[in-house]
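Subject: Structure handover

Hello,

Here is the structure I promised you. Please open it and read my notes alongside.

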Amino acid sequence: MAETDELRKRVRSLIPVRAGAQREFATAIGLDETKLSKSLKGTRRFSPHELVRIAEYSGVTVNWLLNGSDDAVTVTAVPAPTARSASAPVDGPQPEPRRRILETAWELIATRGYHRVRIADIAKECGTSTASIHYYFPTKDDVLNEALRRNVKLAFDRQVAELHTIDNAHERLLRLVELQLPTEGLLRDEWSVWLQVWNESALNPELRSLYWDSYDRWFRTIAMTIRSGQEQGVFRTRDPDEITTQLSALIDGLGIQVLTGKPGSSVEAMREHLKDFIDRNIVQEGQ
């Protein structure tokens with residue numbers, strides 16, 4: 001298949017042409033080298049998780065891997081230029097020190113809290129100097145800004161990888177919601193970073209434009225999925241932006257309840273509330 005052939009070519013272009021490079025690449029993305037070889041030969045497909053990991057390690061997007069462009073039309077809205085990392089190359093893996101620093105800083109912010117994380121803490125966890133951190137992120141605010149952009153990229157990559165094979169808009173919307181639930185691990189950490197960005201943007205007007213450019217991608221993704229469902233006749237004819245506002249607000253509110261440990265809240269309950277809202281307010285009767 002042409003798309004699969006092009007995908008394999010793009011993945012190969014990210015692997016340096018030297019002895020042992022493919023083994024190193026496989027290790028870096030957490031994939032057995034034999035499976036990577038089979039995927040590159042076309043006898044095995046890359047899983048959505050593997051595509052996301054390849055994109056994360058290499059500093060490209062899953063959209064670029066699948067479609068050859070960060071801005072290619074796909075099933076999810078693409079991030080605004082301001083919501084993208086300014087230093088993510090498309091011609092090879094991003095600098096290893098920067099990737100390690102950003103991932104470490106992001107995890108520390110998610111688990112400890114932005115105001116409890118110092119540049120010295122990031123340097124210690126990375127086994128490097130504060131000067132090295134400042135080389136890539138001159139100020140602590142730059143660290144938070146890039147953490148937000150990493151959130152945007154992670155969600156974008158995950159959604160493109162998971163949703164591009166789902167044609168039915170109802171199934172796609174349910175999967176989209178599932179991919180946004182604050183389950184333990186990566187998704188809960190993403191939510192933690194979002195919560196802290198919400199707080200900082202409420203107090204710091206300078207952060208708001210980046211926040212809204214970042215959040216707008218999520219909003220547009222829901223709206224375009226609803227429009228697609230209306231065109232397919234599986235969703236009711238309602239103002240897509242209006243229903244997106246209601247659904248996104250419900251997701252945000254329920255997510256906050258889960259993260260803050262509100263009695264009776266849980267990921268399972270959140271899933272059921274959202275499914276009920278979709279069934280009652282979005283899905284066409286009789287579907």
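At what angle do helix α10 and helix α14 pack, and how far apart are their axes? Helix α10 covers residues 169-178 and helix α14 covers residues 267-281. They pack at an angle of about 155°. Their axes are 11 Å apart. Angles over 145 degrees count as roughly antiparallel, so α10 and α14 are roughly antiparallel to each other. The crossing of α10 past α14 is right-handed. On the α10 side, His170, Leu173, Leu174, Val177 and Glu178 make the contact. On the α14 side, Arg271, Leu274, Ile278 and Asp279 make it.

Keep in mind that this is a predicted model.

Now the aromatic rings. A ring pair is described by the distance of the centres and the angle of the planes. The structure holds 9 aromatic pairs. One of them is Tyr135 with Tyr136, at 4.8 Å centre to centre. Their planes are 90° apart, so the pair is edge-to-face. Tyr135 counts as exposed because its relative accessibility is 64%. Tyr136 has 26%, so it counts as partly exposed.

Trp191 and Trp198 also form an edge-to-face pair, with 6.3 Å between centres and 85° between planes. Both of these residues, Trp191 and Trp198, are buried. They belong to a cluster linked by ring pairs, together with Trp194, Tyr211, Trp212 and Tyr215.

Last, two charges over rings. The charged end of Lys140 sits over the ring of Tyr114, 4.6 Å from the ring centre. The charged end of Arg150 sits over the ring of Trp106, 4.5 Å from the ring centre.

Best wishes

Note on methods. Residues are numbered from 1 along each chain as its sequence is written. This is a predicted model: local features need pLDDT of at least 70, side-chain atom pairs count only at pLDDT 80 or more; totals for chains, interfaces and linings use all residues. Side-chain values use heavy atoms; hydrogens and water are left out. Rings of Phe, Tyr and Trp (its six-membered ring) pair if their centres lie within 6.5 Å; planes under 30 degrees apart count as stacked, over 60 as edge-to-face and the rest as tilted. Buried means under 20% relative accessible area, exposed over 50%, partly exposed in between (1.4 Å probe, protein chains only). A charge sits over a ring if NZ of Lys or CZ of Arg is within 6 Å of the ring centre and within 35 degrees of the ring normal. Axes are lines fitted to C-alpha atoms, for helices over the stretch in contact, and angles run from 0 to 180 degrees between N-to-C directions. Helices (H or I, at least four residues) and strands (E, at least two) are DSSP runs, numbered from the N terminus. Angles under 35 degrees count as roughly parallel, over 145 as roughly antiparallel, 65 to 115 as roughly perpendicular and the rest as oblique. A crossing is left-handed if the near helix is turned anticlockwise from the far one by less than a right angle, and right-handed if clockwise. Contact means heavy atoms within 4.5 Å.
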